[in-house]
Amino acid sequence: MSQLQEMMTVVSQREVAYNIFEMVLKGTLVDEMDLPGQFLHLAVPNGAMLLRRPISISSWDKRAKTCTILYRIGDETTGSQLNEAKNILAYELSKLESGAKVDVMGPLGNGFPVAEVTSTDKILIIGGGIGVPPLYELAKQLEKTGCQMTILLGFASENVKILENEFSNLKNVTLKIATDDGSYGKKGHVGMLMNE
């Protein structure tokens with residue numbers, strides 16, 4: 001597997017939850033995506049910033065040569081220059097429409113060791129907030145092994161809940177969701193679901 005750089009094409013973009021966007025990108029870079037849990041480095045579309053932003057790969061379709069990323073705008077409020085840069089990139093990305101080009105590097109990161117899983121394994125997948133998207137391709141790959149999966153997801157509230165339907169549509173999955181404010185699923189953080 002090698003790291004590549006490509007001007008990928010935006011196939012579609014939509015807001016899937018409050019300030020959370022789903023972008024589908026197309027390009028030959030998808031051929032290099034083999035390990036769920038990896039990420040891409042995206043450049044700011046208008047070229048105003050030097051830094052790239054890492055965004056996890058949520059899923060891919062090798063036949064269509066597309067990959068899907070989910071990203072959030074506006075919630076990083078520590079005031080640091082790094083968080084300001086992340087928000088500028090996310091905001092600029094959110095304005096892109098179908099047919100636009102994005103400078104992408106990747107895939108980066110080690111990913112999850114899916115090849116080690118067998119059909120007799122019972123897998124526990126835990127994630128929260130914007131950390132949930134890379135777990136979707138992981139679950140898709142694990143589904144192929146026939147293993148049993150328990151997936152525990154946590155969100156701040158119902159209005160930022162993502163990918164519930166996608167996880168629910170997979171085979172051999174028990175899905176539980178918690179929200180900090182109790183607006184959906186169990187009230188509390190995702191770690192509380194482990195106690196059940």
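Two elements each put at least two residues into the lining of the second largest pocket: strand β1 (4-17) and helix α3 (164-168). Of these, α3 gives the most, with three residues. Keep in mind that this is a predicted model.

So much for who contributes; now the pocket itself. About 180 Å³ of space lies in this second largest pocket. Its lining is made up of Arg14, Val16, Glu22, Leu70, Lys161, Ile162, Leu163, Glu164, Asn165 and Glu166. Sort that lining by class and you get five charged residues, four nonpolar ones and one polar one.

Next, the barrel. Six strands close up in the order β1-β2-β5-β4-β3-β6, and the pairing is antiparallel. From one strand to the next, the twist averages 45 degrees. If you want a spot to look at in the viewer, find Phe39, which stands opposite Ser56 in β4. Helix α2 packs on this sheet too, touching β4 and β5 (66-72), and its direction makes about 30 degrees with that of β4.

There's also an open sheet. It has four strands in the order β7-β8-β9-β10, with parallel pairing. Its edges are β7 (122-128) and β10 (186-187), each of which pairs on one side only. Strand β7 is joined to β8 (residues 148-155) by seven bridges, and the two run parallel. Here, Gly128 stands opposite Gly154 in β8. Helix α2 (residues 133-143) packs on this sheet, where it touches β7 and β8, and its direction makes about 165 degrees with that of β7.

| Strand pair | Bridges | Direction |
|---|---|---|
| β7 and β8 (residues 148-155) | seven bridges | parallel |

Gln141 is found in α2. Is Gln141 buried or exposed? Its relative accessibility is 16%, and the cut-off for buried is under 20%, so Gln141 counts as buried. What does Gln141 touch, leaving out residues up to four places away in sequence? The answer is Pro36, Trp60 and Val114.

Note on methods: Residues numbered from 1 in each chain as written. Predicted model: local features only at pLDDT ≥ 70, side-chain atom pairs only at ≥ 80, totals over all residues. Heavy atoms only, no water. Pairing = 2+ DSSP bridges. Contact = heavy atoms within 4.5 Å. Axes fitted to C-alpha atoms, helices over the stretch in contact; angles between N-to-C directions. 1 Å grid on protein atoms, 1.4 Å probe; cavity = no way out; pocket = protein on both sides within 12 Å on 5 of 7 lines; lining within 4 Å. Points joined across faces, edges and corners; volume = space filled by probe spheres on them. Nonpolar A, V, L, I, M, F, W, Y, C, P; charged D, E, K, R; others polar. Buried < 20%, exposed > 50% of the residue type's maximum accessible area, 1.4 Å probe, protein only.
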